[in-house]
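Trainee: Please take me through this model, one region at a time. I would like to start with how its elements are named.

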Amino acid sequence: MSSRANISCLQEAKRVAIFGGTHGNEISGIMLVNMWIQNAAEIERNRLVTKPFISNPRAVEKCTRYINTDLNRAFTPENLSAPDVQGLPYEVQRAKEINQMFGPKGSSDAYDVIFDLHNTTSNMGSTLILESSTDLFNLQMVHYIKKAMAPHTCSVLLNEHPQLKYSTTRSVAKHPIGLEVGPQPQGVLRSNVFESMRTILKHALDFIELFNSGVEFPPCTVEVFRVQERMDYPRDTNGNITAMVHPHLQDCDWEPLNHGDPMFLTFNGRTILYEGASTVYPTFINEAAYYEKQQAFMTTCREILAANAIRKAFK
């Protein structure tokens with residue numbers, strides 16, 4: 001990257017992958033990717049190679065989140081450098097294969113952009129997930145998408161917390177971006193969720209085509225929700241859940257949770273209040289897939305990020 005007069009000049013994004021089926025029971029991305037594998041006309045753009053890809057085919061076949069371990073947590077240095085031996089968990093072996101196809105992770109040969117398509121059972125609406133607050137390309141892209149989606153909302157989750165970051169499937173790319181759309185039950189396809197995901201991908205690919213054509217994007221700001229803490233359900237000494245998400249919190253993703261607000265409701269009817277000192281914005285509230293991860297919801301804080309103007313670097 002070079003910068004001249006506050007304009008950051010970035011390399012052309014020549015190769016883009018669209019992943020569906022990282023979790024095999026999140027149906028919207030699976031159906032879209034399979035549709036585009038059959039006919040890619042909808043995702044073709046000038047100066048761009050776009051590859052639709054089913055990332056966890058065995059889990060898709062069984063309509064389950066994963067076979068042995070969560071593929072979206074498997075792209076650690078230890079896993080990617082593990083020797084090819086018999087008995088590796090399926091998703092670890094798959095992570096190594098994906099890294100060879102679309103990476104290597106962290107290298108100049110890696111794909112420019114990977115969109116990883118997910119569904120959530122939480123009432124999050126359409127959400128774009130970033131892994132860096134300094135990736136100017138992604139910041140400008142989500143700004144473009146949010147404007148194009150208006151008046152419909154499209155929230156931006158920034159997963160940059162050093163202790164809570166995980167090694168995602170999309171992290172192989174130079175510019176990784178997740179797309180989470182819900183609410184949608186696991187193993188179910190809802191038309192509104194499908195079409196929202198499809199529309200967001202259209203705008204994202206339009207942005208990349210414009211960038212590659214030499215269009216300069218002016219400075220912008222982006223509202224993001226930065227990940228802070230994972231909140232578990234109340235449990236007894238044996239680790240059993242003893243309370244549910246409170247009705248006043250259920251389905252209230254992205255809405256403020258203040259000190260003293262209801263947070264959980266015990267099985268015997270007692271309300272547990274939020275005792276944090278500052279207002280937070282919960283998300284992934286009561287996500288079905290996160291019961292096994294001991295997470296009732298995730299807290300975030302709201303921030304405004306500024307991004308320089310960008311354009312393609314000319315050789």
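Mentor: Helices (H or I, at least four residues) and strands (E, at least two) are DSSP runs, numbered from the N terminus. Pro183, for example, lies in the loop between strand 8 and helix 6. The model is predicted, so local features require pLDDT of at least 70 and side-chain atom pairs pLDDT 80 or more, whereas totals for chains, interfaces and linings use all residues. Residues are numbered from 1 along each chain as its sequence is written, and side-chain values use heavy atoms, with hydrogens and water left out.

Trainee: What is the strand order in the open sheet of 8 strands?

Mentor: The order is 4-3-5-8-6-7-9-13, and the pairing is mixed. Two strands count as paired if DSSP finds at least two bridges between them. On average, neighbouring strands of this sheet are turned by 25 degrees against each other, direction ignored.

Trainee: And which strands stand at the edges?

Mentor: Strand 4 (49-54) and strand 13 (297-307) do. Each has a single partner strand, so one side of each is left without a neighbour in the sheet.

Trainee: How many bridges join strand 6 to strand 8?

Mentor: There are 5 bridges between strand 6 (residues 125-130) and strand 8 (residues 175-182), and these two strands run antiparallel. Leu128 has Leu179 of strand 8 as its bridge partner.

Trainee: Which strands does helix 4 lie across?

Mentor: Helix 4 (residues 90-102) lies across strand 3 (15-20), strand 4 and strand 5 (113-119), and runs at about 170 degrees to strand 4. Helix 5 also packs on the sheet, where it touches strand 5, strand 6, strand 7 (155-158), strand 8, strand 9 (220-231) and strand 13. The direction of helix 5 makes about 105 degrees with that of strand 9. Such angles run from 0 to 180 degrees between N-to-C directions, with axes fitted to C-alpha atoms, for helices over the stretch in contact.

Trainee: Turning to helix pairs, at what angle do helix 5 and helix 6 pack?

Mentor: Helix 5 (residues 136-149) and helix 6 (residues 191-212) pack at about 125 degrees, with their axes 9 Å apart. They are therefore oblique to each other; angles under 35 degrees count as roughly parallel, over 145 as roughly antiparallel, 65 to 115 as roughly perpendicular and the rest as oblique. The crossing of helix 5 and helix 6 is right-handed, meaning that the near helix is turned clockwise from the far one by less than a right angle.

Trainee: Which residues make the contact?

Mentor: Among them are Phe137, Tyr144 and Ile145 of helix 5, and Ile200, Phe207 and Phe211 of helix 6. Contact here means heavy atoms within 4.5 Å. The residues of this contact divide into 12 nonpolar, 4 polar and 1 charged. For these classes, Ala, Val, Leu, Ile, Met, Phe, Trp, Tyr, Cys and Pro count as nonpolar, Asp, Glu, Lys and Arg as charged, and the others, Gly among them, as polar.

Trainee: How do helix 1 and helix 6 cross?

Mentor: Their axes come within 9 Å and cross at roughly 55 degrees. That makes helix 1 oblique to helix 6, and helix 1 passes helix 6 in a right-handed crossing. The contact includes Leu32, Met35 and Trp36 of helix 1 with Val193, Phe194 and Met197 of helix 6. By class, this contact has 8 nonpolar, 2 polar and 1 charged residues.

Trainee: Salt bridges next. How many does a search of the whole structure find?

Mentor: The search finds 20, each with a side-chain nitrogen of Lys or Arg within 4 Å of a carboxyl oxygen of Asp or Glu. One instance joins Arg45 and Asp206 at 3.0 Å, N to O. This pair links distant parts of the chain, 161 residues apart: Arg45 is in the loop between helix 1 (27-38) and strand 4, and Asp206 is in helix 6.

Trainee: What is the strand order in the open sheet of 3 strands?

Mentor: It is 10-11-12, with antiparallel pairing. Strand 10 (243-245) and strand 12 (271-273) are the edge strands, each pairing on one side only. Strand 10 is joined to strand 11 (residues 262-266) by 3 bridges, and Val245 stands opposite Phe264 in strand 11.

Trainee: Finally, which peptide bonds are cis?

Mentor: The bond from Ala150 to Pro151 is cis, with omega near 10 degrees, and Pro151 lies in the loop between helix 5 and strand 7. The bond from Gly182 to Pro183 is also cis, with omega near 5 degrees.
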